[in-house]
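Here's a quick briefing on how this chain packs together. Have the viewer open and follow along.

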Amino acid sequence: MTEASFNRFRTFIEGNLGIKMPPSKMIMLETRLGKRLRALRLDDYEQYCDYVFSDEGFAQEIQQLIDVVTTNETDFFRESHHFDLMTSRVLPSLVQENGIKNLNVWSVAASTGQESYTLAMVIEEFARAKAIPLEYKILGTDISEKVLKIATTGIYTLHQASKIPDSLKRRYCMKSKNPEQKTLRMTPEIRQKVLFRQLNLMDDSYPIRKQYHIVFCRNVFIYFDRPTQKQVLQRIYSHIAPGGYLFMGHSENIGSVDLALRSISTAAYRKEE
Ligand SMILES: C[S@@+](CC[C@H](N)C(=O)[O-])C[C@H]1O[C@@H](n2cnc3c(N)ncnc32)[C@H](O)[C@@H]1O
């Protein structure tokens, strides 16, 4: 890829997605865009660059570009300490101490949905153990259409689902009727609690009306530079209910911001009442 093409991609990716694209990522970008070159039968990155930034190409191809440049790694019960904290501290404080009967939960960079469905299972288990009726809705958002499509199906390979404990699999997952198909699907009861929508964290404001009691914003800030992290955090913060909780990835933090967020555990915060 020529430096000129790289810089055009870089300007778009950093400016519109917030994802850092230093020159050291050129090879990674080439590898990922290679799939699109082959799909479109183009000879080189320069042709792809001209196409994607033309009027027609932008309309046809930009979502595919976004899908390949985002890193969507995720898992069920990833960084499981946060889910333990949900059961031991967050849910008791919101539901039992504050009497909230209708929880709003937001998975900010939901990827293929494993985080959202883990949250659903953890909330279900909590309500079951305490024998309390508990309503909740989980919103999963991401910029990539491709991952959101997978998330919406709630279908995972057995390998992808290997971190779900067997007892929860029995309660919240259905095996495929076709034994050749090594997949399972989240039950309709769980799927109907979770809604997936496209949202770009770089947008000036988010089309969200609710205030969220629990916000998972994990493993996306690592791709942003500091100024972007600050702006995105301010916007997310405005959608956290007073007394609500924010979770970041274990290698992320809120940095030095003037927000009413108190650290309660590793990469976990509570917004002051
Ligand atoms: C590594 S995944 C994190 C998934 C999950 N939160 C977890 O911790 O397992 C990061 C996700 O952030 C999404 N993402 C990257 N930039 C974004 C942006 N500007 N707006 C919304 N989502 C974005 C990517 O598409 C990707 O699915």
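What follows covers the sheet, the helices on it and the nonpolar cores. Keep in mind that this is a predicted model.

- Seven strands make up an open sheet in the order 6-2-1-7-8-10-9, and the pairing is mixed.
- At the edges sit strand 6 (194–198) and strand 9 (261–265), each pairing on one side only.
- On average, neighbouring strands are turned by 20° against each other, direction ignored.
- Strand 1 (residues 102–107) and strand 7 run parallel and are joined by three bridges.
- Across from Trp106 you'll find Val215 in strand 7.

**Helices on the sheet**
- Helix 6 (residues 114–130) packs here, touching strand 1, strand 2 (135–142), strand 6 and strand 7. The direction of helix 6 makes about 170° with that of strand 2.
- Helix 10 packs on the sheet too, with contacts to strand 1, strand 7, strand 8, strand 9 and strand 10 (268–271). Its direction makes about 140° with that of strand 8.

**The cores**
- The largest nonpolar core has 47 residues, and the members touching the most others are Phe9, Ile13, Trp106, Leu201, Phe221, Ile236 and Leu246.
- Elements giving two or more residues to this core include helix 1 (3–17), helix 2 (26–40), helix 10 (226–237) and strand 8 (240–248).
- Domain 1 (3–69) and domain 2 (81–156 + 185–271) each supply at least three residues to this core.
- Leaving aside residues up to four places away in sequence, Phe221 touches Gln229, Val232, Leu233, Ile236, Met248 and Glu252.
- A second, separate core holds 43 residues, among them Leu85, Ala161, Phe196 and Ile264.

Notes
Residues are numbered from 1 along each chain as its sequence is written. This is a predicted model: local features need pLDDT of at least 70, side-chain atom pairs count only at pLDDT 80 or more; totals for chains, interfaces and linings use all residues. Side-chain values use heavy atoms; hydrogens and water are left out. A nonpolar core is a set of buried Ala, Val, Leu, Ile, Met, Phe, Trp, Tyr and Cys residues joined through side-chain atoms within 4.5 Å. Buried means under 20% relative accessible area, exposed over 50%, partly exposed in between (1.4 Å probe, protein chains only). Helices (H or I, at least four residues) and strands (E, at least two) are DSSP runs, numbered from the N terminus. Domain bounds come from an automatic or database domain assignment. Contact means heavy atoms within 4.5 Å. Two strands pair if DSSP finds at least two bridges between them. Axes are lines fitted to C-alpha atoms, for helices over the stretch in contact, and angles run from 0 to 180 degrees between N-to-C directions.
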